[in-house]
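Please keep the structure in view while reading.

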There are 2 protein chains.
Amino acid sequence: MMDQTHAIEQDMKLEIADYIIGLIQRNQMAAHDRLPSENELAKRFGVNRNTVRRAMDYLKARDRIYAQKGKGLFVAPSQEQIVFPQINNIGFSEIFQNYPYQYESKLLKWSLVRAKAELSRILEIQEGELIYKVKFLRSVQEKPLAVCISRIPQKMVPDLQAHLTLDCSINHILKQVYHYEHPVCKFVTAEAVMPLAKNMKLLEVNESVPMLKQISRFDVPNVGPVEHYTVYARGDRFKLDIQF
Amino acid sequence: MMDQTHAIEQDMKLEIADYIIGLIQRNQMAAHDRLPSENELAKRFGVNRNTVRRAMDYLKARDRIYAQKGKGLFVAPSQEQIVFPQINNIGFSEIFQNYPYQYESKLLKWSLVRAKAELSRILEIQEGELIYKVKFLRSVQEKPLAVCISRIPQKMVPDLQAHLTLDCSINHILKQVYHYEHPVCKFVTAEAVMPLAKNMKLLEVNESVPMLKQISRFDVPNVGPVEHYTVYARGDRFKLDIQF
DNA sequence: CAGTGGTCTAGACCACATA
DNA sequence: ATGTGGTCTAGACCACTGC
C-alpha cells in the first residue's frame with residue numbers, strides 16, 4: 001500500500017496526502033470516484049483517524065477531493081474555472097451576457113454607513129459622509145461564485161434604495177436612473193486571502209478554500225469617483241484574466 | 001471571559017477565534033502582544049487544547065496571529081504588503097529598482113524539459129520541443145515573497161545555462177546576451193490557491209497561507225512568444241495592482 | 001440499521017525557548 | 001526544569017446517507 005522506501009516525511013499528513021495525489025495523477029482514480037473511507041485509510045496507513053482527517057483537509061483545500069457527509073470522499077473533477085476578463089469598463093452582469101453560463105446576481109442587503117478614512121480617500125469624499133453599501137451574491141451555474149460589495153456616496157445616488165431590486169445591476173441603475181455615463185474602472189488590486197466566516201456560508205465553501213479579493217474603483221467620466229467595489233471570489237472557481 | 005449571552009456558534013473554534021479577533025479589533029491587544037498560551041485558553045473556555053489549536057490555525061491562516069515555537073502566540077502586525085504593479089513590459093527586478101525595499105532574487109534550479117500540450121499551445125511551439133525551465137526565489141526585506149518559474153524554448157536561448165548565475169535576471173540575459181528587445185507581457189491570469197508542499201518550505205509559510213498564482217506570457221516584439229512565466233506569491237505579503 | 005464525514009475530549013511525546 | 005507550540009493516538013458523539 002505505502003511505498004516501501006518512502007522518504008521520511010516526518011509528517012504523516014503530507015505522506016497520506018501525497019499518496020492520494022499520486023493515485024489521482026497516475027489516473028488510477030478518475031473524477032468523482034470514491035476514496036476509501038477515513039477509517040479504512042487510517043487502518044491501511046496504521047495511523048489514527050484524526051491524522052487521516054488532517055490529510056483530507058489538506059486535499060480539500062487544494063481542490064483535489066471533496067466530501068459528502070454520510071457518503072464519503074470523492075476525487076474532485078478538474079475544476080471548470082470561470083475566467084473573468086479584467087477590462088476597465090465592464091462589470092459582472094455585462095461579462096456574463098456574453099458567456100454561455102447561467103448567471104444570477106442576488107441582492108443580499110443594503111445599508112447607509114459613514115465613510116471611514118481609507119474609503120473616503122479612495123472615493124475622494126470627506127470622512128463621515130454617507131455611503132450606500134450594497135451587497136450582492138453572484139452565482140454561476142447555480143453555484144455561488146463571489147460576494148460583491150458596492151460602496152457609493154449617497155450624494156451621487158440619492159434615494160438609491162428605491163431602485164434596488166432582488167436582481168438589480170448597479171451599472172444599469174447608474175445609467176438608467178441617474179443618467180450617468182457608463183462607469184469606468186480606474187484601478188484594481190487583487191490578493192489571495194482566506195474566507196471570512198460570514199462569507200463561508202454564502203459561498204458554500206469551508207474555511208480552507210482560498211479567495212481572490214479584489215478592490216477596484218469606478219469613475220463616471222467627467223464626474224469623478226462613483227463606486228468602491230470589493231469582490232470576494234471563490235479561488236477554486238474564479239480566475240482573473242488581464243490582456244495587454 | 002466569554003460573552004454571557006453569546007450566540008450558539010455550534011462551532012467552538014469560531015467562537016474562540018471571534019473572541020480573539022474582538023480583542024484585537026477593540027485595541028485591547030496591540031501588534032506583537034503575546035496571547036494567553038493554548039493551555040490557558042483551553043482552561044478559560046473550558047475546551048480541549050485541540051479545539052483551541054484549530055481556532056489558532058484559523059487565525060494564523062487569516063494573518064491575525066503568528067506563532068513562535070517555545071515562545072507563544074502573538075498578535076500579527078498589520079501586514080506591510082508589497083504592492084506589485086502589473087504593467088505589461090516590466091519584471092520583478094525592474095519593479096524593485098524603483099522601490100525602497102531590499103530585494104533579492106536567487107536561482108534555485110534550472111532544467112531542460114519537453115513541452116507538454118498546454119505549454120506548447122501558449123508558447124506557440126510543437127509539443128515535445130525542448131524548454132528551459134528556470135526557478136527563482138524572490139525575497140524582499142530578507143523575507144521570501146514568491147517562487148517564480150520561467151519557461152523559455154531552447155531554440156530561442158541556446159546554451160542558456162552558460163549565462164545563469166545565482167542572482168541573474170532573465171530579462172537582462174535576453175537583452176544583453178541574446179540581443180532581443182525588451183519582452184512585453186501579453187496576458188496575465190491570477191488566481192488564489194493553497195501552497196504546494198514543496199513551496200511551503202521555500203516561502204516559509206505553513207499550509208494554510210493562501211497564494212496568489214499568476215501565469216503570464218512574454219513576447220519579444222516582432223519575434224513572438226519567448227517566455228511562459230509562473231509566479232506563486234505569498235498572499236499575506238503580495239498584492240497585485242492594475243491601473244487603467 | 002450500519003457506515004460516513006464533522007466535531008470534540010483526553011492525554012501523550014517532541015523540539016524549542018527561557019530562565 | 002518548566003512552559004510553549006506542533007504532532008499524534010484513542011475514543012466519543014453527532015448528523016447525514018443508504019440499505
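Chain A contains seven helices and ten strands, where helices (H or I, at least four residues) and strands (E, at least two) are DSSP runs numbered from the N terminus. Its radius of gyration, taken over C-alpha atoms, is 22 Å, well over the 18 Å given for 244 residues by the globule rule, so chain A is more spread out than a compact globule; that rule is 2.2 Å times the number of residues to the power 0.38. The C-alpha trace of chain A spans about 70 × 40 × 40 Å along its principal axes.

This is a predicted model, in which local features need pLDDT of at least 70 and side-chain atom pairs count only at pLDDT 80 or more, while totals for chains, interfaces and linings use all residues. Residues are numbered from 1 along each chain as its sequence is written, chains are lettered from A and ligands numbered from 1 in the order in which they are written, and side-chain values use heavy atoms, with hydrogens and water left out.

Of the chain A contacts (heavy atoms within 4.5 Å) with a separation of 6 or more, 59% join residues 24 or more positions apart.

A rotation of 180° with 0.0 Å of shift along its axis superposes chain B on chain A, with an RMSD of 0.0 Å, by least squares on the C-alpha atoms of residues with pLDDT of at least 70 in both. The two copies are thus related as by a two-fold rotation axis. Within chain B, the C-alpha of B:A192 is the nearest to that axis, 2.5 Å from it. Moreover, 100% of the interface residues of chain B are also interface residues in chain A, so the copies meet through the same surface.
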